[in-house]
Amino acid sequence: MDKRLKRWMIIGMLLAMAVVVSYLESFIPIFIPGVKLGLANAIILIMLYEFKWYESFTVDILRILVVSFIRGTFLTPTFWMSFSGGVVSFLVMLLFSRFKLFSPIGVSILGSLAHACGQVAIAMVMLESVNILYYLPFIMLLSLGTGILSGFISRSYLKRSITSRFIR
């Protein structure tokens, strides 16, 4: 089978996995409204290390779009908060994964914190208020924990990665 076809089949499976994980985690109750665990971020982080950056970014954006269609939140404030958080998070993780200063756990934590900042920034714009900043410390604390969890998942996978044999 053609290597490019195998690569795109794997990317498609990773997208499907990210969509399912992202959708299912929306049913896990968190004590802060609107906050999710962000476990699909582990898939994006793995892709940053195993695939080209634009393939990872494509999966991240498509995941956000597909889940918003499934949940019926496309172009709502929820969508824009997820989208802005996802883009900011991706850019931070891309930057720090290239520097090799941090392990995947550190990159995941930075991405998770950036996601929270991106969401709060867009919420401030939408609400035309800075009062949402009072919410930020609570979100950042939860983001720290979820970033560690996603980072451990990513690091564990990357240590045993078999994907690179199929895509390179």
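1. The axes are lines fitted to C-alpha atoms, for helices over the stretch in contact, and the angles run from 0 to 180 degrees between N-to-C directions. Helices (H or I, at least four residues) are DSSP runs, numbered from the N terminus.

2. This is a predicted model, in which local features need pLDDT of at least 70 and side-chain atom pairs count only at pLDDT 80 or more, while totals for chains, interfaces and linings use all residues. Residues are numbered from 1 along each chain as its sequence is written, and side-chain values use heavy atoms, with hydrogens and water left out.

3. Helix packing around H2. The axes of H2 and helix H3 (residues 53–71) lie 8 Å apart, at an angle of about 165°; H2 and H3 are therefore roughly antiparallel to each other. With helix H4 (residues 77–99), H2 packs at an angle of about 40° and an axis separation of 10 Å, so H2 and H4 are oblique to each other. H2 passes H3 in a right-handed crossing, and H2 passes H4 in a right-handed crossing as well. A crossing is right-handed if the near helix is turned clockwise from the far one by less than a right angle, and left-handed if anticlockwise.

4. Burial of H2. Buried means under 20% relative accessible area, exposed over 50%, and partly exposed in between (1.4 Å probe, protein chains only). The buried set includes Ile43, Ile44, Leu45 and Ile46, and also Asn41 and Glu50.

5. Salt bridges. The structure holds 2 salt bridges, each defined as a side-chain nitrogen of Lys or Arg within 4 Å of a carboxyl oxygen of Asp or Glu. In one of them, Arg7 meets Glu55 at 2.8 Å, N to O. Arg7 lies in helix H1 (residues 3–25) and Glu55 in helix H3, so this pair ties together parts that are 48 residues apart in sequence. Arg7 counts as buried at 10% relative accessibility, and Glu55 counts as buried at 3%.

6. Arg63 forms a salt bridge with Asp60, with the closest N and O atoms 2.9 Å apart. These residues are 3 apart in helix H3, so Arg63 and Asp60 are separated by about one helical turn. Both Arg63 and Asp60 are buried.

7. Surface patch. Phe69, Phe74, Leu75, Trp80, Met126 and Leu127 form a nonpolar patch with about 590 Å² of accessible area together. Patches are made of residues with over 30% relative accessible area and no salt bridge; like charges are joined within 9 Å, nonpolar side chains (Val, Leu, Ile, Met, Phe, Trp, Tyr) within 5 Å. Areas come from the Shrake-Rupley method with a 1.4 Å probe, and for residues only the protein chains shown count as cover. Met126 belongs to helix H5 (residues 104–127) and is partly exposed, at 34%.

8. Backbone points to check. Leu75 has a positive phi of about 65° although it is not a glycine. Leu75 sits in the loop between H3 and H4 and is partly exposed, with a relative accessible area of 48%. Glu128, also not a glycine, has a positive phi of about 55°. Glu128 is in the loop between H5 and helix H6 (136–159) and counts as exposed at 73% relative accessibility.

Conventions
Helices (H or I, at least four residues) and strands (E, at least two) are DSSP runs, numbered from the N terminus. Angles under 35 degrees count as roughly parallel, over 145 as roughly antiparallel, 65 to 115 as roughly perpendicular and the rest as oblique.
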